[in-house]
Amino acid sequence: MKLNSHNWTLNLAAALALVWAAQGADTVRYTAQPQGSKVTMDGTSTIHDWTVEGKIIGGFFEAAAAWETDKSLKTAMTPPPKAEVTIPIRTLKSGKERMDEIMQEAMKAKENPLIRFKLAEMKIKGDVPASGTPVKFDTKGELTVSGVTKPCDMEVTMDRLEDGKLKFSATKELKMTDFGIAPPNPNIGGVGIKTGDEIIIKFEWVVAAKKS
Amino acid sequence: MTTMNMDQSELNRRDFLAGGSFATVMMLMGGIPLRAAEETKPDTAGGTNYKGEATPVNVGIIGCGLWAREIIRTLALIPHGPVVALADPYPAYLRRAGDLAPNAQRYKTHTELLADPKVQAVIIATPTHQHKDLVIEALKAGKHVYCEAPLAHTVEDARAIARAAKEHPKLNFQAGLQARADLQIANLHKWRIQPAVWGKPLTARQQWNKKQSWRLASPNPEREAEINWRLDKAVSTGLAGEIGVHQLDVTNWFFGSLPTAITGFGSVLQWKDGREVPDTVRVVCEYPGGLTGIFESTIANSFEGELAIFLGSDGAIMLRERKAWLFKEADAPVLGWEVYSKREEFYRESGLTMGAGGTKQTTHTEDRFAPADPKSPLQYSLDAFLINSHNLEAGVKDFTEIYGDDESQLLEYLKDQEKNRQPAAGWKEGLAATVTAIKANQAIVTGRRVELSPSDFEA
């Protein structure tokens, strides 16, 4: 029987698809952990700099099962990792209630209570240390704030913690106006205050492999 | 359940921080006011229009006497504290309270109110000796609780309340010690009551004087006995408890310690109508390190109203109707902020004028005859209760939605979040102040020195 090159190609594709499917099924899902997670937002104003802090970061990170065991990550980048991260806006606290209320209103927290990030692409940046930690990644994704979604590129660092937990951390500069948020411009104590448009978000997000 | 009541002309210690006429007189005499800068809401006339509104918490009022009605009036000033339910078995009280909160559901019993799912938080404004069961039932019903001070008329009841609050960390419990939530007093405590300002603490003296009978008129003998519970020595904590609990608490707070012994004196000198609860009292509290605090009160004379004086080795601070004056000793070190202050004469003393917590920009332009903070201590206190109740509820919800219902992790998170609470008295402060007040009354009634150990203040 003469080998039909077209059929051969189809069969190969089907076989690869099966392998991919098998690999896809062999994934590990990490879920958010309450201990060790932290997010801060730093901003400026004409009076003084300000910071809000939160301790609740939800979501998941999902990757090939080899992510747990292959410290080099050579066999762990396929299938591509997935991640979704959520931060309830009202858990971000400045220690000043009125400022928190204004921030929540500015971010339309009632209608859009969560800041969301959805990972689209994740590439290792530089060399992976023999210990497997820390590892830097270039990531691409979508960030949704106040109901407005924008592309978001970030350099993310992953640390392997004890008990197999992972800590992802990053720093990202953003502009309020990019998400349709007018920087608050209150008059407090007779002093007009202008809040800067630029803010810096920093997060440390701890996840642990979900036990079945 | 019955209601707490007071004659309008005889408002008790709870109006201790209201008004400002004496403060104005002191200012005219050349005092040294230390006033907290007011926290003003943002002006919406700027480039943005954010109002910064808190999320509403639906309130139920248990006990609809005169003080409860003052609470309802104050809640009317707070957009995020709608009164949705009232409970009182006495129809006239329920009707009067209902007139102030026309949209509130009216109940004859607190049980019905606690079963109302609309009610998120309750304010307990009944006679002191009825607090315990109401607090415990309210917490069991899943309601946040604001309990008037003193928490109870016995140490056992106060401990039971504190334990119940402690056992419900997912619910907000606040003791009605208004000074703890008052921005003016809290700022004074934070920024001015410290060794750098008044040196080594020496002694404190608190006073509350107001000529009034404390006896309320009533339509029948049974009702009279009920509403005059303050004159019933079996359940009344007397002037030291019903009035002094707030001032004794401020002394505990400013000294940063709790009394180790209390001596008291008291007599019925003016209102000899058969009562056994003294109308004139004096209490001396001993604190660690040899500090002493005096509380004296009479309802037989109004001279000098109420005030607090804290003496330190470098200066004296007089607190009066939410304003404070600092009198520095001649050999006191330079504080550094004098440059921002006015120097004024007060009788034969000279001192500094500065708003505690005031900014450099506002201090120089401060109007010394400006009225006192228009926001009352009660409003601060209720505002803090509502905000803290909502934030606690929201924190529990956000945590469990994301991390599940791991109780120990949740409690750890809530403990961490306590740093974001609006200043207010919790069960610990409420218990400490109540035990101090009850023991002070015990010292008065028995004429004996009462010794206290730290365990007496534990739940």
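**A helix and its surroundings**

In chain B, Ile71(B), Thr74(B) and Leu75(B) of helix H2(B) meet Leu378(B), Gln379(B) and Leu382(B) of helix H12(B). Sorted by class, this contact has four nonpolar residues, two polar residues and no charged residues. The model is predicted, and the description below should be read with that in mind.

How do the two helices cross? The axes of H2(B) and H12(B) come within 10 Å, at a crossing angle of roughly 75°. Angles of 65 to 115 degrees count as roughly perpendicular, so H2(B) is roughly perpendicular to H12(B).

H2(B) itself covers residues 66-75 of chain B and is mostly covered, with eight of its ten residues buried. Which residues are these? They are Leu66(B), Trp67(B), Ala68(B), Arg69(B), Glu70(B), Ile71(B), Ile72(B) and Leu75(B). Two of these buried residues, Ile71(B) and Leu75(B), also take part in the contact with H12(B).

H12(B), which spans 377-403, is one of several elements against which the buried residues of H2(B) pack. The others are strand S2 (59-62), strand S3 (83-87), helix H3 (91-100) and strand S5 (121-124), which also belong to chain B.

**Another helix pair in chain B**

A second pair gives a reference point. Helix H6(B), residues 155-166, and helix H14(B), residues 427-446, have axes that come within 10 Å and cross at roughly 180°. An angle over 145 degrees counts as roughly antiparallel, so H6(B) is described as roughly antiparallel to H14(B). On the side of H6(B), the contact is made by Val155(B), Ala158(B), Arg159(B), Ala162(B), Ala165(B) and Lys166(B). H14(B) contributes Trp427(B), Gly430(B), Leu431(B), Thr434(B), Val435(B) and Ile438(B). By class, there are eight nonpolar, two polar and two charged residues in this contact. The contact of H2(B) with H12(B), in turn, has no charged residues.

The loop between strand S6 (144-147) and H6 of chain B holds Pro150(B). The peptide bond leading from Ala149(B) to Pro150(B) is cis, and its omega is near 0°.

**Chain B as a whole**

Both helix pairs sit in a chain with 14 helices and 17 strands. Chain B has 459 residues, of which 51% count as buried. Of its contacts between residues at least 6 apart in sequence, 74% join residues at least 24 apart. The contact between H2(B) and H12(B) links Ile71(B), Thr74(B) and Leu75(B) with Leu378(B), Gln379(B) and Leu382(B).

**Backbone details in chain A**

Chain A has a cis peptide bond from Thr133(A) to Pro134(A), with omega near -5°. Pro134(A) lies in the loop that runs between strand S6 (114-125) and strand S7 (135-145) of chain A.

Two residues of chain A are listed here for phi. Lys108(A), which is not a glycine, has a positive phi near 50°. Lys108(A) is located in the loop between helix H2 (97-106) and S6 of chain A. With 17 other C-beta atoms within 10 Å, Lys108(A) is partly exposed. Asp163(A), also a residue other than glycine, has a positive phi of about 60°. The loop between strand S8 (148-160) and strand S9 (166-175) of chain A holds Asp163(A). Asp163(A) counts as exposed because it has 7 C-beta neighbours inside 10 Å.

Terms used
Residues are numbered from 1 along each chain as its sequence is written. Chains are lettered from A and ligands numbered from 1 in the order in which they are written. This is a predicted model: local features need pLDDT of at least 70, side-chain atom pairs count only at pLDDT 80 or more; totals for chains, interfaces and linings use all residues. A residue is buried if 20 or more other C-beta atoms lie within 10 Å of its own, exposed if 12 or fewer, and partly exposed in between; C-beta atoms are placed from the backbone. Helices (H or I, at least four residues) and strands (E, at least two) are DSSP runs, numbered from the N terminus. Two residues are in contact if their C-beta atoms, placed from the backbone, lie within 7 Å. Axes are lines fitted to C-alpha atoms, for helices over the stretch in contact, and angles run from 0 to 180 degrees between N-to-C directions. Angles under 35 degrees count as roughly parallel, over 145 as roughly antiparallel, 65 to 115 as roughly perpendicular and the rest as oblique. Ala, Val, Leu, Ile, Met, Phe, Trp, Tyr, Cys and Pro count as nonpolar, Asp, Glu, Lys and Arg as charged, and the others, Gly among them, as polar.
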